[in-house]
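Please keep the sequence and the model in view while reading.

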Amino acid sequence: MPELPEVETTKTSLLPLLEQRVQAVKVLNPSLRWPIPDDLDKLVGQRLVGLKRRSKYILAEFEQDQMLWHLGMSGSFRLCQPNEELRKHDHLIIDFEDQQLRYHDPRRFGCILWLDQHHQGKLIDPLGPEPLSEDFNAAYLREKLSKKNVGIKIALMDNHVVVGVGNIYATESLFNIGVHPAQPASTLSKLQVEKLVVEVKRILKQAIELGGSTLRDYTNAMGENGYFQQTLLAYGRAGEMCVNCETTLENLKLGQRASVFCPQCQPLKRNKA
Ligand SMILES: [Zn+2]
């Protein structure tokens, strides 16, 4: 599933569209998580004036209207020339002056919506801070975790605590700071929370720099693969040896998600350190 680094990478790869005017819009298949609105031709004649990312949403600002795009489980945007052959599962085509933008989504969990008050209030306003912003800091996180008795990994993946820390990033950052994924969130020491904030930011930045590949077949809008997956130390490595101590890595199900950890480097502590 595309995670924050992939969405950031996607947003960056769409920047060539900025300042270009929409020439035509064609919906091939409106069926996504929510149907693609049937009045997208309002975009025709408008220039794209801004592209931002909030959590895993891309906010596309046109001169008059704003849109909210989400890649869901398997969505991708592609910049291409109009004569390129359509692919199965291409849902939407937006013709800009110099290029064509196509949205492709085999599993159809993505969304293409207007960013109106309803969607702002329902989808954007409840989100916690961006992990790479200054609002996500140790003082903030300690305060948030102090009331939570769920495992730290579940707390870290909660979008109300911080956005965009998916399973891979939570698994890797907890491995790197030696904290067990099921340790009750409120029991982390001050030092552990400080290290966790630093580590989450470091690993997300690294993933963005490497083009953010959390999924083998993920490609950005240029059709390029990311390299981040090759750097993972714990995620996807259950049964392999820990790079630090050579203990066999174990897998634990937490909130329906695989959680790989090293029983030696990440001992479970039930009480505050
Ligand atoms: Zn170990």
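C242 is buried, its relative accessible area being 2%; buried means under 20% relative accessible area, exposed over 50% and partly exposed in between, with a 1.4 Å probe and protein chains only. C262 is likewise buried, at 0% relative accessibility. The model is predicted: local features need pLDDT of at least 70 and side-chain atom pairs count only at pLDDT 80 or more, whereas totals for chains, interfaces and linings use all residues. Residues are numbered from 1 along each chain as its sequence is written, and side-chain values use heavy atoms, with hydrogens and water left out.

What coordinates the zinc ion? The SG atoms of C242, C245, C262 and C265 do so, at 2.2 to 2.3 Å. Donors here are N, O and S atoms within 2.8 Å of the metal (3.2 Å for Na, K and Ca); water is not among the atoms, so sites may look incomplete. Along the chain, the donors of the zinc ion are spaced as C-x2-C-x16-C-x2-C. Because C242 lies in the loop between α6 (190-209) and β9 (250-254), and C262 in the segment after β10 (257-261), the pair ties together parts that are 20 residues apart in sequence. Helices (H or I, at least four residues) and strands (E, at least two) are DSSP runs, numbered from the N terminus. The site of the zinc ion is tetrahedral, with angles of 101 to 113° among its 4 donor atoms; four donors count as tetrahedral if all angles lie between 85 and 135 degrees.

α6 has 20 residues and reaches 29 Å from its first C-alpha to its last, close to the 28 Å expected at 1.5 Å a residue; the expected span is 1.5 Å times one less than the number of residues. Among the buried residues of α6 are V193, L196, V197, I203 and L204. The buried residues of α6 pack against α1 (4-13), α3 (138-145), α4 (152-156) and α5 (167-177). Just after α6, G211 takes a positive phi of about 85°.

Elsewhere, H70 is placed in strand β4 (residues 66-70). H70 is buried, with a relative accessible area of 16%. Leaving aside neighbours within four places in sequence, H70 is in contact (heavy atoms within 4.5 Å) with K56, Y57, Y103, G110 and C111.

Finally, the domain assignment of the protein chain gives domain 1 (4-123) and domain 2 (138-261); such bounds come from an automatic or database assignment. The centres of domain 1 and domain 2, taken over C-alpha atoms, are separated by 29 Å.

Definitions and conventions
Tetrahedral: all angles 85-135°; square planar, octahedral: opposite > 155°, others 65-115°.
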